[in-house]
Amino acid sequence: MIRVADHIDQVQDVLGRKMLLENPSSYLTSNESTMSETEFLREIAQRTGCGLLLDVNNVFVSATNLKLDARGYIDDFPMIRLVKSIWADMTKKKTITAHL
């Protein structure tokens with residue numbers, strides 16, 4: 001956590017602006033994790049002031065791979081820090097981006 005926050009702070013300092021951190025698509029879990037992904041994103045955003053980008057397709061991929069509840073993930077996502085969301089329709093190969 002500290003390393004990630006430090007790197008985000010470094011990037012923001014160099015750029016002179018806030019960056020967005022995107023939720024990843026996950027393929028494996030770590031037995032060493034002590035918090036959920038949404039808790040981690042919430043804490044990183046609070047520590048660094050960065051914004052969050054919610055990629056809904058990544059939520060679907062992670063939920064499918066890790067047998068998670070996608071709706072529960074979105075319900076727990078720290079929306080207060082959400083700056084942008086991406087909704088990809090894989091059946092039509094189309095992406096809709098929403099800037100909030």
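Hi everyone. Accessible areas here come from the Shrake-Rupley method with a 1.4 Å probe. On that basis, this protein, which is a predicted model, has an accessible surface of about 7000 Å², and 55% of that surface belongs to carbon and sulfur atoms.

Let me walk you through the fold. We have four helices and four strands, and going along the sequence they come in the pattern α-β-α-β-α-α-β-β. Now the contacts: taking those with a separation of 6 or more, 70% are between residues 24 or more positions apart.

On to the inside. Of the 100 residues in the protein, 30% are buried. The largest nonpolar core has 14 residues, and the ones touching the most other members are L21, L54 and F77. Helices α1, α2 (37-48) and α3 (56-66), along with strand β2 (51-55), each supply at least two residues of this core. The top contributor is α2, with three residues.

Which residues does F77 contact, once we leave aside its neighbours within four places in sequence? There are N23, T38, L41, R42, L52, L53, L54 and L82.

In soluble globular proteins, nonpolar side chains tend to be buried together. Here, though, V11, V14 and L15 make a nonpolar surface patch of about 300 Å². L15 sits in helix α1, which covers residues 2-15. Is L15 buried or exposed? L15 counts as exposed because its relative accessible area is 54%, and the cut-off for exposed is over 50%.

How values were computed: Residues are numbered from 1 along each chain as its sequence is written. This is a predicted model: local features need pLDDT of at least 70, side-chain atom pairs count only at pLDDT 80 or more; totals for chains, interfaces and linings use all residues. Side-chain values use heavy atoms; hydrogens and water are left out. Buried means under 20% relative accessible area, exposed over 50%, partly exposed in between (1.4 Å probe, protein chains only). Contact means heavy atoms within 4.5 Å. Patches are made of residues with over 30% relative accessible area and no salt bridge: like charges are joined within 9 Å, nonpolar side chains (Val, Leu, Ile, Met, Phe, Trp, Tyr) within 5 Å. A salt bridge is a side-chain nitrogen of Lys or Arg within 4 Å of a carboxyl oxygen of Asp or Glu. A nonpolar core is a set of buried Ala, Val, Leu, Ile, Met, Phe, Trp, Tyr and Cys residues joined through side-chain atoms within 4.5 Å.
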